[in-house]
Amino acid sequence: MKQKELLALARNTNTSDLIREASVIRDKGYGSLVTYSPKVFIPLTHLCRDVCHYCTFAKTPKRISSPYMSVEEVVDSAKRAEALGCKEALFTLGERPELRYSTARKALSSMGYTTTLEYLKVASQAVIDNTGLLPHLNPGCMSLTEIMELRPVSASMGMMLESSSKRLCEKGGPHYGSPDKDPKKRLATLDSAGKAKVPFTTGILIGIGETRQERVESLIDIRKSHDKYGHIQEVIIQNFKPKQDTKMSDHAEPLTEELLWTIAVARIIFGSSMSIQAPPNLSPNKLNLLIEAGINDWGGVSPITPDFVNPEAPWPHLDDLEKQTLLSGKILVPRLTIYPSYIGNLRDWVDDKLSPRILKLSDSVGLARDSEWTTGKNNPSFKLKPKSIIPLRNSLTLKDHVDLALKGKNLKVDQIVDLFEARGPDFTYIKKAADELRQDLSGNKVSFVVNRNINYTNICYYHCTFCAFSKGKTSEGLRGKPYDISLEEIVRRSKEAYERGATEVCLQGGIHPSYDGNTYKSIVSSIKEAEPDLHIHAFSPLEIWQGASTLKKELKEYLGELNELGLNTLPGTAAEILDDEVRNIICPDKINTSEWLAVMKTAHELGMRTTATIMFGHVDKPIHWAKHLLNILNLQKETGGFTEFVPLPFVPMEAPMYVRGQSRYGPTLRESILMHSVSRLVFNSFIPNIQTSWVKMGRRGIEECLNAGANDLGGTLMNESITKAAGAEHGQEFPVQELKNFIQNLKRIPKQRNTLYGEVGEETKKRSVDPIPLTPITNNLEDRKHHVIASSQ
């Protein structure tokens, strides 16, 4: 809309029509979500040189016990808030009190500072040093130099414009006598924040004597700044509340219609992408109306501190806020102080030192992680939210997507993305639909295979940034020492596995610089000679590709040779994310998407079956997951060679890219469950088996996945090195009897299978239930002549 059209909104008195239009616009940008920021309110100082006629936050020196919070008080408040799940430390303070009060100057001087902004920087840095919270700074008007000085210690900043009307600064107006409320100065601050590339919060205060025309002009002024710099991440529409002991204590607060009109107009002016916020504590009985009018955010809500600006209006309890939001047809989700669009481009918008902290707190779409659950960790305290007692309708759009999937129809990328982004009742609906489909395809059986993992070397000349397993030949920087076990040891472990009831050995390792295609052939032939009945499930597509390349053979010829020697099936690892945008970040020197698919297609054409995997939750997003699933599905429809799909959530703790601050902290529990549910729906009967990894998910995690579409628990493993190297804590073996008991406790039927989902003989089952003790393994570092150099237990 052009400015003339925007200004004409001030004359539109049809509030109902405006609300309808605003609601449609909001839904285009935010769908069913309404966000909030779990925060702690840190009032660094109540002293202020301004004298706004409606404010009770600002106090004179005689009315406070201390001019400033101490750093110790700041940190203590932040720590207590973090323990309660807060993600944001909101610093609110009066503007430049040292220019008005000697008390402020003396207090600052005694601490070694000249200005309040200097002290603010120190206090914010203390929060960064002592907690995982993200500071949001709200110190008022600032120059470009001052903003740049504070930028390294803040994920975002803010300042309410309130109004760009000069009339309100005249004698008798609410801003008279407040030099920092000069509209010119405040608009200059907005522009300076844009020049400094700081994600910025602003907004207007309504009901203080301004006209509708002046409100629209103020909103247009904000939009002009945003159009120039793209830095305004949210616009707050705050309604005035009269307060005792202020000059405006008898001033009437704005009518509800005025608030709704202004919210709707703001939404129309800023469009679908801007976050429009209204504080829930200022309209506690009208939250449904605020949502209807076009907001998508409640702002900061604190479980620990009051709203110091509006102390008479307590924050709603989060449970109540969630219920009210749900009753309005929306889903309440936590966010960070910095919005997703800026998290998607942290290099431009945030100081490099804060980026790792932001990534650790964010999920795949840039919102806040919604639980403390972490892949690979023992999560004894994690709790899933109980089902809502409020009867809720599911998204009709998602229902259409699910209906298509259940009919075996192809879903498009954007439809699969919608499924991956489901939350609240939509999340529950997708889990249920996937589990019902699992019931149709697999019944109540939960299958597993007794196998042994043999990771024969962790020496690798590739540089995958997610991998904590691989080492350079002399690397000591990551967990464990380099090793390369002998062929004799590989055979010994295989024979021992067979004696313990295993029907399969799964072999994978790093790409050792001394390996060639003959190395893999000798491994297969040696195992097959020693234990001819043992199924060899070995070598990722990367190893196959490398083996063929070193022997200068075509894939089909080389795979055929391996198959003739006794290689039965291929694991679907090294897939990571089958989208080269992501692969170029996490494994740039590895085979690309088309090459991975080529290996699998060739194997299938030779009659060899393979599995398929996805390793997710690092730098990837739902759109990449959707493309990955479609790549797998399209090949499966062509060849029918995949036996199962295995979601492998990224284990971050020791992964290089996480340690370097370049990735998220693995997927959230919701995202991990959805990967199983959505893959079940997308693959339907084309890939009937969805496996959940107990090594990655833990026992409580796989329980959730088995009730969300998964039907298989994979292998008992006996040994596991790759996930353990990344910091996982779920062990290396799931004994058969324990596994059966686990399944039966879920009221499901355990089914021991072989690699191809066939039956297992009774004698083999007996050996697996009461196995011989496992000999402790020693990982030797061999030279190519199999001479022992060193060993690692």
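Predicted model: local features only at pLDDT ≥ 70, side-chain atom pairs only at ≥ 80, totals over all residues.
Q: Which residues of helix 2 meet helix 9?
A: A general point about helices comes first. Since an α-helix has 3.6 residues a turn, residues three or four places apart point the same way. Here, helix 2 contributes Thr15, Leu18, Ile19, Glu21, Ala22, Ile25, Arg26 and Tyr30. Their partners in helix 9 are Glu257, Leu260, Trp261, Ala264, Val265, Arg267 and Ile268. By class, the residues of this contact are ten nonpolar, one polar and four charged.

Q: How does helix 8 lie against helix 9?
A: The same cut-off applies: an angle under 35 degrees counts as roughly parallel. Helix 8 (residues 212–229) packs against helix 9 at about 30 degrees, and their axes are 10 Å apart. The two helices are therefore roughly parallel to each other. The crossing of helix 8 with helix 9 is right-handed. Among the residues making this contact are Arg212, Val216 and Leu219 of helix 8, and Trp261, Val265 and Phe270 of helix 9. The contact has eight nonpolar, one polar and five charged residues.

Q: Which residues touch the most other members of the largest nonpolar core?
A: In soluble globular proteins, nonpolar side chains tend to be buried together. The largest nonpolar core in this model has 114 residues, of which Ile430, Leu507, Phe539 and Trp596 touch the most other members. Helix 26 (residues 669–683) gives the most to this core, with eight residues. Another core, of 97 residues, lies apart from it and includes Leu108, Leu287, Trp315 and Ile358.

Q: Which residues is Trp596 in contact with, beyond its neighbours within four places in sequence?
A: Trp596 is in contact with Pro541, Gly572, Thr573, Ala574, Ala575, Leu578, Ile591, Ile632 and Phe642.

Q: Which residues of helix 21 are buried, and what covers them?
A: A residue counts as buried under 20% relative accessible area. In helix 21 (residues 555–565), the buried residues are Leu555, Tyr558, Leu559, Gly560, Glu561 and Leu562. Their cover includes helix 19 (517–530), helix 20 (541–550), strand 14 (569–570) and helix 23 (593–605). Just after helix 21, Gly566 has a positive phi of about 130 degrees.

How values were computed. Residues numbered from 1 in each chain as written. Heavy atoms only, no water. Buried < 20%, exposed > 50% of the residue type's maximum accessible area, 1.4 Å probe, protein only. Helix = DSSP H or I, 4+ residues; strand = E, 2+ residues; numbered from the N terminus. Contact = heavy atoms within 4.5 Å. Nonpolar A, V, L, I, M, F, W, Y, C, P; charged D, E, K, R; others polar. Core = buried A, V, L, I, M, F, W, Y, C linked by side-chain atoms within 4.5 Å. Axes fitted to C-alpha atoms, helices over the stretch in contact; angles between N-to-C directions. Parallel < 35°, antiparallel > 145°, perpendicular 65-115°, else oblique. Left-handed = near helix turned anticlockwise from the far one by under 90°.
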